[in-house]
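Please read the points alongside the model.

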Amino acid sequence: MKVIVVGGGWAGCAASLAACKQGAEVLLIERTDMLLGTGLVGGIMRNNGRFTAAEEMIAMGGGDLFRLTDQNSLHRNIDFPGHRHASLYNVATMEPILKNFLLLSGVAVKPSTRITDVEMQADRIKAVIGKCNKEEVHFEADAFIDTTGTAGPPANCNKYGNGCVMCVLRCHSFGGRVGLAAKAGVKEIVGQKGPQTGAMSGSCKLLKESLSADIVRELNRDGVVVVPLPESGRLAGKLAIKACQQYAIAEFEKNIVLLNTGHAKLMSPFFPLEALRKIPGFEHARYEDPYAGGLGNSVRYLGMAPRDDGLQVEGVANLFCAGEKAGLLVGHTEAICTGTLAGYNAVRSIRREPLLVISDSLAVGDAVSQVRLRMKTSEGLGLKYTFSGSVFFDRMLERKLYSTDVQQIEKRVEAAGLAGVFAQ
Ligand SMILES: Cc1cc2nc3c(=O)[nH]c(=O)nc-3n(C[C@H](O)[C@H](O)[C@H](O)COP(=O)(O)OP(=O)(O)OC[C@H]3O[C@@H](n4cnc5c(N)ncnc54)[C@H](O)[C@@H]3O)c2cc1C
């Protein structure tokens with residue numbers, strides 16, 4: 001049984017691990033020279049309903065990557081505006097830790113390899129084709145997983161955002177994103193909110209060395225610093241364009257919110273450098289990611305695959321998808337949950353076993369099906385879904401799915417007949 005996963009963000013890493021645990025030979029192919037994709041600049045875990053989702057996954061036997069981020073967290077159980085009990089993993093050290101873990105688990109990793117096409121046989125992908133540095137590559141497998149994300153390439157950031165701002169995806173150096181589903185002839189879905197196509201990423205990173213000693217001390221001690229902005233220094237309307245709808249609340253417009261993820265994570269899609277440097281403590285501020293964070297941010301949600309609740313892509317018999325590719329799901333936790341399901345189901349499909357659909361009595365199962373259903377409406381296509389806030393967290397609260405009681409979550413997973421399912 002051979003499974004090829006294309007795209008080494010959190011979704012691809014989780015899918016690779018899950019398929020490997022089911023006994024498949026797994027090759028994880030990544031365009032750049034590092035795994036983690038946008039997870040290289042994120043870091044927030046376990047905030048609000050993400051705690052519940054992470055614990056559901058642990059109870060289902062799919063918790064390895066949550067344990068890894070927990071172990072590499074700089075802060076645990078912290079609160080910041082609108083968000084409770086968050087953990088912040090260290091974005092500067094996470095990637096090599098994760099890569100070693102995958103290698104030790106038996107996943108073969110092929111970095112600096114960009115897939116640019118597929119070879120089809122009837123309704124199945126036979127092989128993926130691309131380049132590793134300058135050399136042509138061609139890999140065959142029984143099942144494939146598209147975890148190429150939805151950000152970039154620069155032409156999209158130029159067209160739908162404020163231009164390429166040189167984010168961590170480094171499209172100019174490694175070539176832009178290419179999705180497998182589109183190459184297999186699937187009509188992808190584009191996020192659309194009124195006139196805005198896609199959505200802009202919602203945070204930047206500042207070099208701590210460029211901030212005042214007081215701010216850095218507080219940030220390192222508490223994990224969070226909130227600096228009120230004078231009315232004249234606020235960026236009106238910036239919340240509406242954010243991919244991370246869970247942070248589109250007034251507190252993030254009225255204040256600068258910094259989180260300690262190794263660098264100082266600035267919870268704003270962008271902030272003009274000159275205006276930022278007028279704020280006490282930020283006089284020498286400098287962006288670490290994106291390099292041009294004073295101008296804008298990456299644009300995402302530009303190419304999602306239609307799929308079922310087992311995460312099989314519609315119209316291609318042996319193609320699965322996860323993470324942002326699987327819909328308007330924002331977050332590392334969301335990518336790990338869907339990645340694990342896609343990896344597990346890819347192997348079940350090779351074995352000709354029925355695909356696992358996670359019950360909607362669990363937050364993870366409900367998210368997978370709700371996002372698919374809501375994306376069928378134009379209103380739903382304008383929203384983003386995450387366990388950590390906004391419309392899906394509201395639904396979790398309504399359906400009493402949100403819980404921080406680990407034993408209660410374990411009982412719920414057991415009642416759904418899914419205890420340890422991903423570890424079997
Ligand atoms: C600036 C920023 C901050 C964020 N902060 C947080 C946060 O704090 N907490 C949180 O939960 N979420 C955060 N998010 C959102 C979160 O990072 C994503 O929703 C999630 O990690 C997406 O994972 P993914 O694996 O689906 O996609 P991606 O992370 O986009 O990974 C896709 C991968 O596929 C690769 N790829 C693309 N095309 C090809 C190809 N043809 N061949 C080979 N490889 C290819 C890319 O190089 C990339 O590594 C943040 C996002 C951004 C941009």
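1. A cavity is a set of points, on a 1 Å grid over the protein atoms alone, where a 1.4 Å probe fits but cannot get out. Grid points are joined across faces, edges and corners, and a volume is the space filled by probe spheres set on the points. On this basis there are three cavities of 30 Å³ or more.

2. The model is predicted: local features need pLDDT of at least 70, side-chain atom pairs count only at pLDDT 80 or more, and totals for chains, interfaces and linings use all residues. Residues are numbered from 1 along each chain as its sequence is written, and side-chain values use heavy atoms, with hydrogens and water left out.

3. The second largest cavity has a volume of about 80 Å³. Its lining residues (an atom within 4 Å of a point) include Ala14, Lys21, Asp64, Ile336 and Phe422. H1 (10–21) contributes the most, with four residues; H3 (64–71) and H11 (332–350) each supply at least two. Helices here are DSSP runs (H or I, at least four residues), numbered from the N terminus.

4. The axes (lines fitted to C-alpha atoms over the stretch in contact, with angles from 0 to 180 degrees between N-to-C directions) of H12 (residues 363–374) and H14 (residues 390–398) come within 11 Å and cross at roughly 130°.

5. Contact means heavy atoms within 4.5 Å. In H12, Ala363, Asp366, Ala367, Gln370 and Arg374 meet Val391, Phe392, Arg395 and Met396 in H14.

Conventions. On a 1 Å grid over the protein atoms alone, a cavity is a set of points where a 1.4 Å probe fits but cannot get out, and a pocket is an open set with protein on both sides within 12 Å along at least five of seven lines; lining residues have an atom within 4 Å of a point.
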